[in-house]
Amino acid sequence: MARSKGRPNKYFTHVKPRLNEIAEMSLTMTDEQICKVLGVGKSAWCEYKNNYSELVETLNKGRSQLVVDLRNSLIQRAKGYKYIERKRIIEGGIVVREEEYEKAQPADVGAIHLCLKNYDRENWSNDWQSLELKKQELEIKKQNSENGGW
């Protein structure tokens, strides 16, 4: 039997058995950081992503959940929220009492602006002219498709 040239493929030993972990890692880590944890090189990682669709699906699944989480956090930050802060009073190394305070995080103007730009583009665009041109272009394309083209 002939030996294969080059380095052995670590996909089946280092990557595939850890796909569930990789989905979790993709929530907080870059591809480079994931490579380091798994002990695979960046070029091999790119090759694995090109050759194994299950890896790409795993990464996309994890990252799509990250986007959902970030969107929810942004919206929460834009609206403001209340939370409970707990404080332990320690004297002589012993917890004497615990106190709870309700605090409020006010709405964040930057988060509000970003949410409006993304969710209400017609009214919150930075580039009104481009938006208007795109609307006109879309209307022309729609009319052309209804009329069978030019």
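Mentor: The account below begins with helix 3, passes to helix 4 and ends with some residues of helix 5 and helix 1.

The model is predicted, so that local features need pLDDT of at least 70 and side-chain atom pairs count only at pLDDT 80 or more, while totals for chains, interfaces and linings use all residues. Residues are numbered from 1 along each chain as its sequence is written, and side-chain values use heavy atoms, with hydrogens and water left out.

Let us start with helix 3, which spans residues 31–38. Helices here are DSSP runs of H or I with at least four residues (strands are runs of E with at least two), numbered from the N terminus. The buried residues of helix 3 are Asp31, Ile34, Cys35 and Leu38. Buried means under 20% relative accessible area, exposed means over 50%, and partly exposed lies in between, with a 1.4 Å probe and protein chains only. These four residues lie on the same side of helix 3, because they cover an arc of only 105° around the axis. The arc is that of the directions from the helix axis to the C-beta atoms. Glu32 and Lys36, on the other side of helix 3, are exposed.

What lies over the buried side? The cover of the buried residues of helix 3 includes helix 1 (11–15), helix 2 (19–25), helix 4 (42–51) and helix 5 (53–79). Contact, here and below, means heavy atoms within 4.5 Å. Just after helix 3, Gly39 takes a positive phi of about 80°.

If neighbours within four places in sequence are set aside, Asp31 is in contact with Trp45, Lys49, Leu59 and Arg63.

Two packed helices are described by the angle between their axes and the distance between the axes. Axes are lines fitted to C-alpha atoms, for helices over the stretch in contact, and angles run from 0 to 180 degrees between N-to-C directions. The axes of helix 3 and helix 4 come within 10 Å and cross at roughly 105°, which makes helix 3 roughly perpendicular to helix 4. Angles under 35 degrees count as roughly parallel, over 145 as roughly antiparallel, 65 to 115 as roughly perpendicular and the rest as oblique. From helix 3, Asp31, Glu32, Ile34, Cys35 and Leu38 meet Lys42, Trp45 and Lys49 in helix 4. The residues of this contact divide into 4 nonpolar, no polar and 4 charged. In this division, Ala, Val, Leu, Ile, Met, Phe, Trp, Tyr, Cys and Pro count as nonpolar, Asp, Glu, Lys and Arg as charged, and the others, Gly among them, as polar.

Helix 4 has buried residues of its own, namely Ala44, Trp45 and Tyr48. They are on the same side of helix 4, since their arc around the axis is only 105°. Lys42, Ser43 and Asn50 are exposed on the face turned away from that buried side. Helix 1, helix 2, helix 3 and helix 5 are included in what covers the buried residues of helix 4.

The axes of helix 4 and helix 5 come within 5 Å and cross at roughly 100°, so that helix 4 is roughly perpendicular to helix 5. Trp45, Tyr48, Lys49 and Asn51 of helix 4 make this contact with Ser53, Leu55, Val56 and Leu59 of helix 5. Its residues divide into 5 nonpolar, 2 polar and 1 charged.

Leu59 belongs to helix 5 and counts as buried, at 4% relative accessibility. Apart from neighbours within four places in sequence, Leu59 is in contact with Ile22, Ser26, Asp31, Ile34, Trp45 and Lys49. Thr58 is also in helix 5, and is buried with a relative accessible area of 13%.

Finally, Tyr11 is found in helix 1 and is buried, with a relative accessible area of 0%. Not counting residues up to four places away in sequence, Tyr11 touches Lys16, Pro17, Leu19, Tyr48, Tyr52, Glu54 and Leu55.
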